[in-house]
Amino acid sequence: MRAAAFLYPWDVVGDPDAARRVADLGVQQVTLAAAYHSTRALTPRHPRHRVVTARHSAVLYPPDAARWAGRALRPYPQEWVAGPDPFGEAARALTDAGLEVHSWVVLAHNGRLGAEHPAIAVRNAYGDRYPWAPCIARPEVRAYLCDLAAEAATRPGARGTELESCGWYGLEHLHAHDKITGVPLSGAARYLMSLCFCEVCEAGYDGLGARAADVRGAVVRALEPVWTGAGGSEGGTGGGRAGEWRGVEKLLGGELSGLVRGWRDGAARMLRREVVAAVRGAADDGFRILLHADPAAHRCGANVGADPADVLADTDGVVVPCTGDDAARADALRPFAVARTEAAARTGAAAGTEAVARTAATAGTEAAAARAEAVARTAGEACTEGEVRTAGEACTEGEARTGAAGAAPAGCVAANLTIVTAMGGSPGTLAADAAHAAALGADELRLYHAGLAGDGDLAAVRRELATVRREPATARRDLGGARNSAV
């Protein structure tokens with residue numbers, strides 16, 4: 001099971017042992033930050049520093065002056081890592097250590113951009129701006145994000161990219177000294193607090209048949225019980241992602257919630273497709289594009305909400321957050337695995353139907369046509385929604401997904417597991433967690449975050465990944481099957 005670790009360039013630049021230390025974990029890939037938001041990060045093993053403070057969102061390479069000349073929205077260069085091209089320097093060291101490097105690009109999350117250009121930021125129903133959240137429905141924001149993605153994703157040395165925040169951002173930010181938890185908010189309430197009412201979004205609501213003022217008023221009325229303590233429990237922890245959306249419908253009404261979601265889903269889909277097209281246009285053949293995604297289309301944030309079938313059709317795969325217990329992991333991974341399997345079945349049915357026509361035309365006999373039709377039925381029926389099984393084992397040779405071709409389904413599903421104990425991770429159970437994720441349909445792992453983890457956590461990762469490598473199929477089938485039966 002292919003594994004990749006997240007890193008920042010400052011984890012590698014200035015530390016001659018960093019690249020080899022990461023390679024010794026047993027990963028095959030590093031997902032290396034090329035464009036990132038503000039953060040304060042620990043570097044527990046670096047010979048020159050212990051804390052890096054990235055004061056604002058920035059690119060970790062020299063931006064192309066000609067590309068951005070005269071433009072109001074443009075990326076900010078960084079000032080906290082020595083050297084002209086921290087990404088390039090780190091990528092070379094990692095490649096020399098035998099690791100494949102993919103870029104890590106944060107898009108619609110930039111507090112400095114929104115502070116300097118407040119008109120582009122999400123504006124909630126009360127008129128408050130979220131400077132960290134550029135409104136992706138705005139044409140100037142999409143143009144900026146497309147060019148940023150094309151430039152940041154395809155840095156020299158990168159063989160693929162993982163796009164974070166390629167969609168709506170909202171209320172939650174993990175802002176410095178965040179103080180927004182005094183009143184508990186359900187998932188539905190957080191969604192309502194994340195809706196945008198800038199002039200572009202208001203025009204969008206109007207265009208879909210609802211007056212923006214009416215939508216705003218409905219949101220404010222729905223949230224009033226939250227502030228008074230008289231309600232707001234709808235869409236809480238119960239019912240998972242589906243429960244959250246039922247809470248939105250209860251608070252806002254089915255018709256209005258559907259209209260708002262239609263506008264936001266359309267804007268997110270447009271951005272995703274434009275960004276992917278921009279990256280593909282700038283990249284070499286074989287360059288892989290993955291999206292950090294959540295299977296609930298209404299969700300906002302780093303892992304953007306997206307319809308699983310749509311996002312797998314638009315990209316080469318997804319990186320899925322797998323924090324929490326087994327049930328939470330299943331809730332996150334299964335929808336993507338199901339969508340991939342259904343797409344494979346449709347592809348197989350189409351390929352089988354074409355085989356019917358070719359075989360019948362060539363042979364001209366009833367027996368040949370019957371055999372070809374059987375191929376089509378096998379392809380279309382081999383992997384149903386209820387047969388989402390371990391990646392690589394899901395369809396045997398006799399269960400060809402694509403007729404006679406028998407090709408594996410398109411679309412990587414990577415389970416993102418936290419390996420930092422102090423951040424809620426469990427590196428000591430990585431092999432079992434990987435097996436459970438595989439049983440749910442994941443075929444790759446992402447480990448967050450090799451630069452932030454302490455020595456004890458990294459030792460556990462080395463040990464656990466050795467188990468995954470030693471007994472990959474058995475571990476996925478036995479451990480994953482046992483855990484899966486509990487959810």
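Biologist: Which residues is Val320 in contact with, leaving aside its neighbours within four places in sequence?

Modeller: Val320 is in contact with Ala293, Ala332, Leu333, Phe336, Val413, Ala414, Ala415 and Asn416. Contact means heavy atoms within 4.5 Å. This is a predicted model, where local features need pLDDT of at least 70 and side-chain atom pairs count only at pLDDT 80 or more, while totals for chains, interfaces and linings use all residues. Residues are numbered from 1 along each chain as its sequence is written, and side-chain values use heavy atoms, leaving out hydrogens and water.

Biologist: How do you know which class His49 falls in?

Modeller: The relative accessible area of His49 is 24%, which makes this residue partly exposed. His49 is in the loop between β3 (39–42) and β4 (51–54). Beyond four places in sequence, His49 contacts Trp10 and Thr43.

Biologist: What makes Asp457 a charged residue without a salt bridge?

Modeller: Asp and Glu count as negative, Lys and Arg as positive; His and the chain ends are not counted. A salt bridge needs a side-chain nitrogen of Lys or Arg within 4 Å of a carboxyl oxygen of Asp or Glu. The nearest side chain of opposite charge to Asp457 is Arg45, 8.0 Å away. Asp457 is therefore buried yet has no salt bridge. This residue lies in helix α15, residues 455–470. Asp457 touches Ile419, Val420, Thr421 and Pro427, not counting residues up to four places away.

Biologist: What makes a space a cavity, and how many are found?

Modeller: The search uses a 1 Å grid over the protein atoms alone. A cavity is a set of points where a 1.4 Å probe fits but cannot get out; lining residues have an atom within 4 Å of a point. Four cavities of 30 Å³ or more are found in the whole structure.

Biologist: What lines the largest cavity?

Modeller: It is lined by 15 residues, with Asp11, Arg21, Arg45, Ala450 and Gly451 nearest its centre. The largest cavity holds about 130 Å³. Volume here is the space filled by probe spheres set on the points, which are joined across faces, edges and corners. By class, the lining has eight nonpolar, three polar and four charged residues. Ala, Val, Leu, Ile, Met, Phe, Trp, Tyr, Cys and Pro count as nonpolar, Asp, Glu, Lys and Arg as charged, and the others, Gly among them, as polar.

Biologist: How many charged residues are in the lining of the second largest cavity?

Modeller: None: that lining has 10 nonpolar and four polar residues. The second largest cavity has a volume of about 90 Å³.

Biologist: Which kind of peptide bond joins Tyr448 and His449?

Modeller: A cis bond, with omega about 15°. His449 is in the loop between β14 (444–448) and α15.

Conventions: Helix = DSSP H or I, 4+ residues; strand = E, 2+ residues; numbered from the N terminus. Buried < 20%, exposed > 50% of the residue type's maximum accessible area, 1.4 Å probe, protein only. 1 Å grid on protein atoms, 1.4 Å probe; cavity = no way out; pocket = protein on both sides within 12 Å on 5 of 7 lines; lining within 4 Å.
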